[in-house]
Amino acid sequence: MPGFDFFSGQGLVRPDITAADAESMASSLFGITGTARELGSQQDRNFLITATGAATSAATGDSAGDSAGDSAGGATQRYVLKVDNPAFSAAELAAQDAVMVFLTERGMRVPQPVRGLNGLSRQHWHATDAALLPVRLLTFLEGPSLEARGYLAPPVVRALGRLSGTTSLHLRDFAADGLDRTLQWDLRNAKTVIDLLMRWVPAEETRDQLRAIADSAAARLAAVASVLRLQTIHGDITDDNVICRVLPNGHHVPEGVIDFGDLATGWLVAELAVTAASVLHHMPDNPLAALEAIVAFDEVVPLTEAEITALWPLIVLRGAVLVASGEQQVQIDADNDYARHRMDAEWQVFAAASAIGWEEADAAIRQALGRRPHTGAEHTTVPEHTTVPEQTTVPMIPALADGDYEMLDFTVTSPALADGLWQTTDAEWRLAQAALARRSAAVAPYGQFRLTRTPPHSRREPDTFALFTEVFLPAGSVIVAPAAASVTEIGGDTLVLTLAGFGLRIGGIVSNLVPGAAIAAGEPVGVASPVARVTVQELARPGLPVPHFTQPSRAAAWATLAPDPARLLGLAPQASVVDPAIELARRGAMMAAAQEKYYERPPQIERGWQELLIDTHGRSYVDMVNNVAVIGHSHPRFTRAVSDQLALLNTNSRFLYSALADLCEHIVATSPDPILDTVLLVNSGSEAVDLALRLARIHTGRSNVVALREGYHGWTSASDAVSTSAYDNPFSLASRPDWVHIADVPNSYRGTHRGAGAAGEYAADLARLLADPDGPGADLAAFICEPVLGNAGGVVPPAGYLARVYEQVRARGGLCIADEVQVGYGRLGSHFWGVQQQGVVPDILTVAKAMGNGYPLGAVLTRRDIAESLAREGNFFSSAGGSPVSCVAGLAVLDVIRDESLQQNADAVGRHLAGRLAELAERHPLIGMVHGLGLYMGVELVRDRDTLEPAVSETAAICERMLELGVIVQPTSERQNVLKIKPPLCLSRESADFFVDRLDEVLQGGW
Ligand SMILES: Cc1ncc(COP(=O)(O)O)c(C=O)c1O
């Protein structure tokens, strides 16, 4: 018997029920005493009942299907009381009850109907207006939905698609009376529903737009509608109607399905369309994010060719039905806050869905599903794209046929775009003109990801992929038709031709042709316009609106619609395979697993410039982590100095050359105290620390060293021995040699001692350690730490701590080693060295990383008497340490830091950043603390500001999301819950703001 028919009435108004009514229904019909709170619904009334009294036997132990009592495990019992709209028949409601039992038997997580006191799951209630309202009680699935989430990460969207697919898979086997319904949400009725409800949409212009898009969607759908598979569908598996498990990183993974009110026979693919549409308002500027759900659904229930064709039109129609229905609902049911609240999201769904053209959406779905592009064979509205056999084409531009041309390289790795030329607005033009001075033409081929199109700060992928070939050539050069063609369109400097089975768009020409004109192969179609920049774009069909550039993630789909026109120009195809996954696999095949890598799916970074890193797709990222590139990536002055010296001489420090003394003089000039006047050059931080420890032990003739907990000092045997970080080496504490002793880390935020007296308390602890007869005190050679605790997350020790500690160490005859490998060299802004910030002078200071701006260079700066002790153990020599090239590199770094006032920049931008991060911390409770100063900072993320529980997996997920938004930032610290901030010191205020704005966006909108 047919069920509800939407078209027989005019909209459903929710039954008029109060929370008090719901409470009395729960107790009188189901024996449950509790409080009721209304849940939103378009056309029914739903109440959350929280049981306060003991439930009767009927409710707790005898629900239909699974037991309600069991599902809550003895905790406070919660239910959903549903007062169904009386328009729905008993058979329809019975089918909904039955399907919940059915799906539970199939292992799915869905609510269960609870029997009433009379043993029946469907009850009735006499409303005041004498109507008899159907009432049901369902178990309540505990857990959040996705509705209130902002951004949905790809694994979340995939899980949603998979859940929708799994539900469909099971529902294929479910049959019952009451499924033959005519619902407003059934997308088979979409066009009729939209036409009917259109009048409720307020503005005429909006109505016209809605109608036009819906008509176009319906027309595309009509071509395949008759062959779409029908089965039982839930009809409303959306962000709102799924219940999630919350992972430690904050991701909400959909696992349960609720609300079976739209259960009916319908198109299988409509189930997916409804699910996919519900993703769109979470990422309104990236509609193709829904592809993740589509792929996951298809993995469970493979879609047919016709279903793929129908999918995006159905998503658009779903959006249109939502807005038309929503506008009606808010007007006929003025008190429905739920419907009113949903309106913005509904419009976002529609706008996002209709922002992608049909052809692109279709191609993107096929590409994501690994299906072939449209062939025209089956249920398709796009004609088959055939190509002209190569032997019958005539090259369109004679200069190219002669081979008298130069290929232009606008890609990320192009040497021609060095020194920041890529950022100038006329970079392409300048390179083309230089090439034209040598040859008759210059070609910027199809398929390059153009660095020249890369903006420095971009929260979305930029449009870098060229879907056309561009030919620079003298004005007036003749362009001919590659094959017999007719003129489809002419406008401005652009001509569209139709050839056998495909289109050709030629831009940048002057042409006398008129629409409809027929041209033979080889016949002129025009001449290069005075701008002399001719664009050639092949189109799968003549009228197809194809952009010249697209985003990297959309390139593969667009490429099926606008393939490489190379052969029409007599050029070899420019296959550009730029896939970071290939690089990742190559690396994995040969490198040890212990070698760290950033990111789950790392971008392939092939260029750096100032504080930017750029991947092979032309995406730039603000680099917040590369402290080594202290003066910025690819600094021209540095590059030149190093390459000039390489061309001149590179040998070792046993020879005499001026650069060695030059560098040593410069380093000594930066010394925190004149007493540190002797330099030993090495090639890394590990080497510097290793040497520092050796010096201390030789000089004192003792062996014990005290290091701080949570520190990292390098990987050589000695520097590793004093590296205590359990993150870097989980066995670090157990495997320590007996000469290494560990003192507490002076972290006054989360350490043993906090607050005002922390410096004294930590120092007192150290005094106790040194006084211990079994401790390091008697045979103390050295104490080593970073003056600002970089590895611990940029933690600044409490004021006075280091002074007290150095005093105690010296009192016992030990030396004080300051490891400045990370925090020194101007990074702190206010001071060049960390020890200056702490008001102490060490006996030995180690430096590396920044010292060579990435060129391997490190140093030990110490007192002459300490350095002289080395002679007791023979000579010292490190092959690359202090080589002419490394010395020149070191000098260039110091010159640039001075001439470009980078320490002052670290101070100014660091203060600005600190201010903005402090403001962020006021709004986002996840930020527990902002550590550090200058451009060495750490944003510590905690789940609870009282317990300081580290938000470890959240930090990792936030870093992944920040990458998508154009920022490179990484977790650090022992607990990996601190965002490390140690960018090149040339970081601009604009880049600092971009970073903070993106972090704000992620903390606000989700990750
Ligand atoms: C504080 C500190 N010291 C020493 C090192 C070792 O330096 P390198 O990697 O140049 O050997 C590091 C490296 O991260 C460090 O952070």
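Me: What makes the pair S121 and D97 a polar contact?
Reply: This is a predicted model, where local features need pLDDT of at least 70, side-chain atom pairs count only at pLDDT 80 or more, and totals for chains, interfaces and linings use all residues. Residues are numbered from 1 along each chain as its sequence is written, and side-chain values use heavy atoms, without hydrogens and water. A polar contact is a pair of N or O atoms within 3.5 Å; within protein, one must be able to donate a hydrogen and the other to accept it, and residues adjacent in sequence count only if both atoms are side-chain atoms. The side chains of S121 and D97 are 3.4 Å apart, so the pair qualifies.

Me: Why is S121 called buried?
Reply: Buried means under 20% relative accessible area, exposed over 50%, and partly exposed in between, with a 1.4 Å probe and protein chains only. S121 has 12%, so S121 is buried. It sits in the loop between β4 (113-114) and β5 (122-126).

Me: How many disulfides are there by the distance rule?
Reply: The count is 0, where a disulfide is a pair of cysteine sulfur atoms within 2.5 Å. As for accessibility, C244 is buried at 4%, and C959 is buried at 3%.

Me: What places S686 around the ligand?
Reply: A residue is near a molecule or strand if one of its heavy atoms lies within 4 Å of it. The residues surrounding the ligand include S686, D819 and Q822. A polar side-chain atom of S686 lies 2.5 Å from a ligand oxygen. For D819, an N or O atom of the side chain is 2.7 Å from a ligand nitrogen. For Q822, a polar side-chain atom is 3.4 Å from a ligand oxygen.

Me: Why do β11 and β20 count as edge strands?
Reply: Strands are DSSP runs of E of at least two residues, helices are runs of H or I of at least four, and both are numbered from the N terminus. Two strands pair if DSSP finds at least two bridges between them. The open sheet has 8 strands in the order β11-β12-β14-β22-β18-β17-β16-β20, with mixed pairing. β11 (405-407) and β20 (518-519) each have a single partner strand, so one side of each has no neighbour in the sheet.
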